Amino acid sequence: MKPDADNNLSVVLYAKRDLRLENRSVPQPGNNEVQIAINKVGICGSDVHYWSDGKHGEFVLTDPLVIGHESSGTVTSIGNGVSHLKIGDRVAIEPATPCRLCFYCKSGRYNMCLDVKGLATPPTDGSLCRYFVHAADLCHKIPDKLTFEDGALAEPLSCGIHACRRAGVSLGDKVLVLGAGPIGIICMLVAKSMGASEILITDIDAERLNFAKKVGADHTLLIEKQQIPELVETIVATFGGEMADITIECSGAESSIRLGVYATRPCGVLQLVGIGKQEVMFPIVNAAIREVDIRGMHRYVNTYPTALKMMASGAIDASVLITHRFTLEQTLAAFETFCDRASGAVKVMIECSSPTLSSST
C-alpha cells in the first residue's frame, strides 16, 4: 500500500520533557536507500536521557529531534542501486550510518567512524514514526521465524554481543554483571550463550534482580549500603571462593566501576558498557599491578547478522525483556512507564504501524 505523502506520524522531542506527536511528510528513498513502514521501536535508555535531561553524554538536544532507534519494519519502496532487498521484506534497522571511506570503516571497525550519523542522536532524526528511510546495507532481513519485536531487539542484543566479544567471554568463565537494566540483562543472556559457567548480576533495585533471576541469572546481589570490601567478599563467596574472571559494568556509576576493579581476578577483564560521568575516581594502580584489562566499547560492529541468527536458532530469547507495549500515539505514557520504577518496566516496545494496517508482533 502506497503511504499518504503527508501522513507520517512522528514522535518529536522539542526540548526536555517536551514530547510531541506531529505529522511529517513521508520520506522517499534515494540511491542505495529503502523506505520502511516502521512496525516496532523499543525505548532505549539514551532516548529517555534526551527526554528527561535534554542530553546524553556529550550530545545535547538543541533542535527538534525525532527519537527512537531500536527499530524494525517492512520495506515499502526501494531506491536505485538496491539489489538485496525487495518490497515486502521485513527488516531490522542497524541505526548508525558510517562514512564507509575512512580507515576505521575500511578496516572493519565502522563503529569507530569519526563521521558516523547515529539515529536519534542530535542532529540526526530517529525512527519513532510511521515511515522512515535508511541505508539499504544497514537493513537486515528478519528470519521468517522471528517477529518484528525480535527485529527491534537486535539492537540491544548487538550491544550485548559486542560487549561479550570485547570481554572475551568463553567456556567456563565466572561472569559478574554490574547493573540489571535492559543492557545488563542482555549481557547476561549473551554471556550465558557463549559458555559462561556462572553469572552473578547486581543492582540497587530488588525487583530488577528478581526479574534477572527469572530470566536466567545464576546469582543476584542487592547493592545497599555495603562497602566495597564487603561486596567483594560476598562476590568471592558466591563464586565458590574465586573472583570474577570477567566483569561487565553496565550502570556507568562510579561506585560500580570501582567495585568492578576490585572484584575481578588478576589477569581478568573489566568490560565497561554503561555510560555515566565523563570523569570518575578510579583505582588504576590496583588494576595495573594485578594486570586487570580494562576495555571500553562503542555501540557494536558486525553484530546484527549474529544477533538475528542467535534469536532464530533459539540460542537467545531476547523477547523475555519486553514487559510493556504501547502504540505510537501512547509514546508519552510509554516513556513515563519506563521511568517509573514501580512499573517494573525493563523493555518497553512501541507499535508504530497505522491502526488501519494489520501487523504481527
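Q: Which residues have the most contacts inside the largest nonpolar core?
A: In this predicted model, local features need pLDDT of at least 70 and side-chain atom pairs count only at pLDDT 80 or more, while totals for chains, interfaces and linings use all residues. Residues are numbered from 1 along each chain as its sequence is written, and side-chain values use heavy atoms, with hydrogens and water left out. The largest nonpolar core has 50 residues, and those with the most contacts inside it are Leu157, Val169, Val175, Ile185, Met188, Ile201 and Ile248.
At least two residues of this core come from each of α3 (148–167), β13 (174–178), α4 (182–193), β14 (198–203), α5 (206–214), β16 (244–249) and α9 (304–313). The largest share, 10 residues, is supplied by α3. Another core lies apart from it and has 35 residues, among them Val48, Ile67, Val75 and Ala136.

Q: What makes a set of residues a nonpolar core?
A: The set must consist of buried Ala, Val, Leu, Ile, Met, Phe, Trp, Tyr and Cys residues joined through side-chain atoms within 4.5 Å. Buried means under 20% relative accessible area, exposed means over 50%, and partly exposed lies in between (1.4 Å probe, protein chains only).

Q: With which residues is methionine 188 in contact, leaving aside its neighbours within four places in sequence?
A: They are Val177, Ile199, Ile201, Ala212, Val215, Gly216 and Ala217. Contact here means heavy atoms within 4.5 Å.

Q: Why is β13 called largely enclosed by the rest of the structure?
A: It is called so because 5 of the 5 residues of β13 are buried. Lys174, Leu176 and Leu178 point one way from this strand, whereas Val175 and Val177 point the other way. Strands (E, at least two residues) and helices (H or I, at least four) are DSSP runs, numbered from the N terminus.

Q: What is the order of the 6 strands in the open sheet?
A: The order is β15-β14-β13-β16-β17-β18, with parallel pairing. The edge strands are β15 (219–222) and β18 (293–295), each of which pairs on one side only. Direction ignored, neighbouring strands are turned by 15 degrees against each other on average.

Q: How many bridges join β13 to β14?
A: There are 5 bridges between these strands, which run parallel. Two strands pair if DSSP finds at least two bridges between them, so these two count as paired. In β14, isoleucine 199 is the bridge partner of valine 175, and threonine 202 stands opposite leucine 178.
Helix α4 lies across β13, β14 and β16 and runs at about 175 degrees to β14. Helix α6 (residues 228–238) packs on the sheet as well, touching β13, β14 and β15, and its direction makes about 165 degrees with that of β15. Such angles run from 0 to 180 degrees between N-to-C directions, with axes fitted to C-alpha atoms, for helices over the stretch in contact.

Q: What makes the aromatic pair of phenylalanine 103 and tyrosine 104 edge-to-face?
A: The structure holds 3 aromatic pairs. In this one, the rings of phenylalanine 103 and tyrosine 104 are 5.2 Å apart centre to centre, with 80 degrees between the planes. Rings of Phe, Tyr and Trp (its six-membered ring) pair if their centres lie within 6.5 Å; planes under 30 degrees apart count as stacked, over 60 as edge-to-face and the rest as tilted. The angle of 80 degrees therefore gives an edge-to-face pair.
Tyrosine 300 and tyrosine 304 form a tilted pair, at 5.9 Å centre to centre and 55 degrees between the planes. Both of these tyrosines are buried.

Q: Why is phenylalanine 103 called exposed?
A: Its relative accessible area is 62%, and therefore it counts as exposed. Tyrosine 104, at 35%, counts as partly exposed.

Q: How do you know that arginine 17 lies over the face of tryptophan 51?
A: Arginine 17 is at 4.2 Å from the ring centre. A charge sits over a ring if NZ of Lys or CZ of Arg is within 6 Å of the ring centre and within 35 degrees of the ring normal. Arginine 17 is found in the loop between β1 and β2 and has a positive phi of about 65 degrees although it is not a glycine. Arginine 20 lies over the face of tyrosine 14, at 3.8 Å from the ring centre.

Q: Why does arginine 299 count as partly exposed?
A: Arginine 299 counts as partly exposed because its relative accessibility is 23%. This residue lies in the loop between β18 and α9.
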